[in-house]
Structures are given as structure tokens and as C-alpha cells.
Amino acid sequence: MIFSFSLYFDLTIILALVLQARAVPHPVAKRSNSDLSLTAQLRLADTAIERYKLLPNDSDFVFNFTGTEQIPVATSQNWPALVDVGAAISMSQLPACSMSFLHLHPRATELFALNSGHILSEMVPEAGVLDSNNSQRVIRTDLRPGQVTIYPAGSFHTQVNPDCEPANFTAAFTSDEFAVSLVAEQLFSLSDGVIARTFGQSITGDDIEKIRKAIPSDMAIKVEECLTKCGMAKRVHFPCDKIFYTDLNVPSIEALSVYPSGKKSVGGPVNLWDVIANISVSVTNTGGRARAEIPQLYLSYPVSAKQPVRQLRRFERVELARRERSTAQQWAVKGGRLLFGQSDAWSLLL
């Protein structure tokens, strides 16, 4: 027993000496931060005084929203002066007769102030916030210039401009790291089985018409009414794997329902093949990989023409890198292409 105790005591002393040796502090080589981004250097600064030293120019404290094609949001990533401020800010506009995507901000509360124009807003708070009918509460606001509304962090919200003029706004966020989650896009990135079960097997990933119902229906109706009221062509979005068409400019039906007035000749009036309309279209790839798309132009005629429902008149293949937007393509429509019934009149129904 004495030998055993002595051995145990010796081992304890040896272990203690080893642990003590390992606990001796070693000098840490000071590492240069010059290879880090300015935002990262500011986050590692010990004091506010050191942060000011990293921002030596007065221009470091100014952010310019004009003349930039980037998302108009000032954050600590594109404006380092916001580091440790705990805020981000956006100045932009919602075009006439348009609606923002249903979205949320996971890390920040948003204060949305309208500077000019008119905005209708809807916001859904967290689960458990109920209205007088014991249903999920939806907060709807009708904003005019000089008014502000609030979207708490994580709340679903959207805005629509129901008028014919752009609505200019300023939005402040309670985090210098701006983030946004697009509800429909992220929801439908899940597997088909998850989506089907979420909607009680009433919807599938390929059912585009039902996917569109993810947009608040009353908002979509107001946009349609606004387009009619303002006499504007509908902006068309094709939900085809993160490719969508923008700036699809289609002349009004009245502009294409005309009669050739040129002198008669063999084959019809001399101005039969004049260009009577120009249609421009550009395509944007919002996805993370390169791909191709083929915009197509179809014409439809009145029932009295007894023509096929749609007739393909023009198409063009467009190669797009990730996040790339194509230059606008101009497609000319000639009068002779619209003939039906008689050789001295044409009409077109879009």
C-alpha cells in the first residue's frame, strides 16, 4: 500500500509539472490586418478612436445613392463608416403601377418613410398576433408623403404603388448588415414533396398559376387596375428558373389597328410592308449560373379572322452570364405580317 501510494503521489507531481509547463504563456506574434477588408479592420478595432483613424478622409462619411446601378442600400459592406453604428439606409423609388416582392428582413426592423407619391402597404406580424376574428392579423396602411410605417424584424411585408407616378421612399434598418429574404422564391426552392405537404397536397412545384397566388391577391388586382387606368403596357414576368423579361414594351392595340393608305399596286398598297410598330425586349438572368433563353413574339388575331390562336413571328436565342441583363432587342412589326381577310386592311389583337 505504501508503494502504491508513493507511485500515485509521484505521478501526480509529474502531471502537475507538465500542466504548469504548458500553461506558461507564449508570446503571440502581432498579425497585420492590411490584408483584410476595411470593414473587417473596422470591426477588429479596439476603440472608436482607432476606427476614425481607419477613415482618414471626410469623403469616407458620405454615401452617394445617385449614379449607381447597385442595389440602393447603404450597409457596412459598401459604406464602412456604418460599422458599429447598427443601422443601414436605403433611398429608392417604386415605379408606377408596380409591387415589391413579398419579403422580410431576418436581422433588422425597417422604418419605411414615403417622400412622394402613394404607397399601399401590407405587413404580417409573427404567428400568434391575431385580429378580432381570431385570425392572423394583417396590418394594412395607406401611406402619403411625410408618413412612416414600421416592419418589425422577420415580418412579411410588401408595398404597391397604385398611381401613375413613381413613389420615392427612404427606408432605415436597425442593422448595418442588410439582409432580405424573398418569400416566394425561397419557399419554392424547397423540394416538391415539402411544398406539396405544406399546402396540404393542393399545389405542386409545376403549378405556376397556384404559385402566383403566393402574391397577395388584392395587391395584384390593384396593380392590374393601375395599368388600365394609366394606359400602360403590362410588365411580363415569365417564371422560368430565375429568368424573367423586363422592359417588354408593346404598343397599344389602337396603334396597330390601322389601314394602309398608300397607292394601290400589284400585291396591295405600296406601303403594305412598312414598319408599323417596334417592340423592344430585354432579358435578365437573376440566377447564380449562366444559361440561355429564347424570347418569342406571338401574334393573335380577332376571332373573325379565323386564324390560329397564336402565330410565331420572331424569336432569338440569348446567352446570359449569371446576374447579366441583355441589351434591348428591337423587333419590327410590318403591316403585311398582320394581314387577314382582305389585302387592304390589317388588325392585331395582343
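How many disulfides does this structure have? Counting as a disulfide any pair of cysteine sulfur atoms within 2.5 Å, the total is two. Please keep in mind that this is a predicted model, in which local features need pLDDT of at least 70 and side-chain atom pairs count only at pLDDT 80 or more, while totals for chains, interfaces and linings use all residues. Residues are numbered from 1 along each chain as its sequence is written, and side-chain values use heavy atoms, with hydrogens and water left out.

Let us start with the link between Cys-97 and Cys-226, where the S to S distance is 1.8 Å. This link is left-handed, with -70° about the S-S bond. Its two ends come from distant parts of the chain, 129 residues apart: Cys-97 sits in the loop between strand E2 (88-94) and strand E3 (98-99), and Cys-226 in helix H7 (residues 217-230). Helices (H or I, at least four residues) and strands (E, at least two) are DSSP runs, numbered from the N terminus. Both Cys-97 and Cys-226 are buried; buried means under 20% relative accessible area, exposed over 50%, and partly exposed in between, using a 1.4 Å probe and protein chains only.

The other disulfide joins Cys-164 to Cys-230, again with S to S 1.8 Å. Cys-164 lies in the loop between strand E9 (156-161) and strand E10 (167-173) and Cys-230 in helix H7, so this pair ties together parts 66 residues apart in sequence. Cys-164 is partly exposed, at 35% relative accessible area.

Now to the sheet. Five strands form an open sheet in the order E1-E2-E10-E5-E8, with antiparallel pairing; two strands pair if DSSP finds at least two bridges between them. Strand E1 (73-74) and strand E8 (148-151) are at the edges with a single partner strand each, so one side of each has no neighbour in the sheet. E5 and E8 are joined by four bridges, and Glu-110 has Tyr-151 in E8 as its bridge partner.

Next comes the largest nonpolar core, which has 13 residues; Phe-112, Ile-119 and Phe-173 are among those with the most contacts inside it. Such a core is a set of buried Ala, Val, Leu, Ile, Met, Phe, Trp, Tyr and Cys residues joined through side-chain atoms within 4.5 Å. E2, strand E5 (110-116), strand E6 (119-124) and E10 each supply at least two of its residues, and E10 gives the most, with four. Apart from this core lies another of eight residues, including Leu-42 and Trp-79.
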